[in-house]
Amino acid sequence: MEDTPDPPSTPIDGTESLYRSSSTDESRSHSTVANATRTLTAFASGAPFIALIAAVEALIATVLLGLTLTPAPLVVALVTFAVYTVDHVADADADARSTPERAALAHRYADQLMIAAALAYGLAVAIAVVGGPLALGVTLVPGAFWVLYASNWLPSVGRLAGAVGSGTRARAVRRRVPRLKEVVILNSVVVALGWAVAVTVLPIAFAGSSGGPLAVVVFAYFFLRSFVDAELPNVRDIDADAAVGVATLPVAIGVAATRRALYGVDTGAAVIVGASVALGLLAWPLAVALLAGIAVSMGVTGLAGRIDDASLLGVAPDCSYLVVGGVLVGVQLIG
C-alpha cells in the first residue's frame with residue numbers, strides 16, 4: 001500500500017499565520033490600552049482628584065460664609081495639586097506596596113510631575129498676589145506645612161544639631177527628630193490644620209471679609225473632617241506604613257480602635273454643626289448639607305477593615321464633600 005503524506009498542519013496559503021499575527025497584534029493593542037487606562041486612572045485618582053475635592057471644599061466654605069465667588073477655589077485646587085504631586089513623587093518608594101500604579105507613575109514621570117507641580121504652585125501664588133497679603137500668606141501655608149510634614153527638613157536639623165554637639169546627648173537628638181509624617185496623630189493634625197486654613201481662610205481673604213463667628217464653626221468642621229480624611233487612607237496603607245516606620249493611628253492602635261476614634265471625631269463635628277444652628281450662626285438647610293457629609297463619612301469609616309478592596313478608603317472619604325456640595329446646590333435651587 002502506498003503511503004499517503006499527512007496534510008500540512010499550516011495551510012499553504014498562510015491564512016492561519018495571518019490569523020495568529022492578527023490575534024497577537026490585537027492582544028498587544030488591548031494590553032497597551034489597558035496599561036494606558038491604568039496609568040490615567042492612577043493619575044486622575046491621585047493629585048488631580050484631590051485638587052478637585054479641595055476646590056469643592058473652598059466653594060462649600062464660600063457658600064456657608066455667604067461670600068461672593070472669588071478665585072479662592074482655583075488657588076486651593078492648584079496648591080493642592082502641587083503639594084500632593086510632590087508628596088507622591090517623594091514617597092513613591094514607600095507607596096509601592098499600597099498604591100503600586102500611582103507609585104509607578106510617580107517613578108516614570110517624576111521630572112514632568114515636579115515641573116507641573118512647580119508651575120501649578122507658581123500660578124497659585126501669582127493669583128494670590130492679586131488677593132492681597134493675607135491671601136498670599138494663606139496660599140503659602142500648605143507648602144510650608146508639607147515641608148514640616150513630609151520632607152526631611154526636621155531630621156536634617158536634628159542631624160545638624162547632633163553634628164554640632166557631642167556625646168550621648170547629641171546622639172539622642174539625632175534619634176528623636178523624625179519627620180512629622182512619622183509621628184502618630186500629629187501627622188494627621190498637621191494635614192488637617194493646613195487644609196482647614198486654606199479652604200476656610202482663603203475665600204475670606206479674597207472676599208475681603210472678616211468671616212465672623214461662623215468662620216470658626218466652618219474652620220472647626222473642615223479641621224475635624226480633614227483629620228478623618230487623612231487617617232482613613234492609613235488603614236489601606238497600614239502594612240506599607242509599618243514597614244517604613246510611619247506611625248499612623250491604625251499602626252499604633254489597630255484598625256478597629258481607629259474606626260471608633262474616627263466615629264468620635266465625626267460625632268464632634270456633628271455636635272459643632274448642631275450647636276451652631278442652636279446659636280443662630282448657621283441656617284438649618286446648610287446644616288443638613290454638612291450633616292449629610294458627616295453621615296457619608298461615618299458610612300465610609302464603617303468599611304475600614306471590613307472590605308477586601310481597601311483602596312476604596314483612599315478615594316471614598318473625599319467624596320463626602322461632593323455630597324455636601326450637591327445638597328447645597330439643591331438648597332440654593334429650592335431657595
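Analyst: Let's start with α16 and its length: its 16 residues should span 22 Å at 1.5 Å a residue, and the end C-alpha atoms sit 23 Å apart, which agrees. (The expected span is 1.5 Å times one less than the number of residues; helices are DSSP runs of H or I with at least four residues, strands are E runs of at least two, both numbered from the N terminus.) This is a predicted model, where local features need pLDDT of at least 70 and side-chain atom pairs 80 or more, while totals for chains, interfaces and linings use all residues. Numbering runs from 1 along each chain as its sequence is written, and side-chain values use heavy atoms, with hydrogens and water left out.

Now for which way α16 faces. S320, Y321, V324, G325, L328 and V331 are buried in this helix (buried is under 20% relative accessible area, exposed over 50%, partly exposed in between, with a 1.4 Å probe and protein chains only). Looking down the axis of α16, those buried residues fall within an arc of 140°, so they line one face of the helix (the arc uses directions from the axis to the C-beta atoms). L333 and I334, on the other side of α16, are exposed.

What sits over that buried face? The cover includes α2, α11 (213-236) and α15 (284-301). S226 gives a residue-level view of α11, the helix where it is found. With 6% relative accessibility, S226 counts as buried. Beyond its neighbours within four places in sequence, S226 is in contact (heavy atoms within 4.5 Å) with E57, A192, W195 and Y321. Y321 is one of the buried residues of α16.

(A pocket is an open set of points on a 1 Å grid over the protein atoms alone, with protein on both sides within 12 Å along at least five of seven lines; lining residues have an atom within 4 Å of a point.) α2 (47-64) and α16 (319-334) each contribute at least two lining residues. The lining totals 14 residues, with L59, I60, V63, G325 and V329 lying nearest the centre. By class that makes 10 nonpolar, four polar and no charged residues, with Gly counted as polar and Ala, Val, Leu, Ile, Met, Phe, Trp, Tyr, Cys and Pro as nonpolar. The volume of this pocket is about 210 Å³.

Just after α6, G132 has a positive phi of about 105°.

L140, in α7 (residues 133-149), is in contact with Y121 and V125, leaving aside neighbours within four places in sequence. L140 and Y121 are 9.0 Å apart, C-alpha to C-alpha, and 19 residues apart in sequence. L140 is partly exposed, at 42% relative accessible area.

Zooming out, the chain has 16 helices and zero strands, and 44% of its 335 residues count as buried.

How values were computed:
1 Å grid on protein atoms, 1.4 Å probe; cavity = no way out; pocket = protein on both sides within 12 Å on 5 of 7 lines; lining within 4 Å. Points joined across faces, edges and corners; volume = space filled by probe spheres on them.
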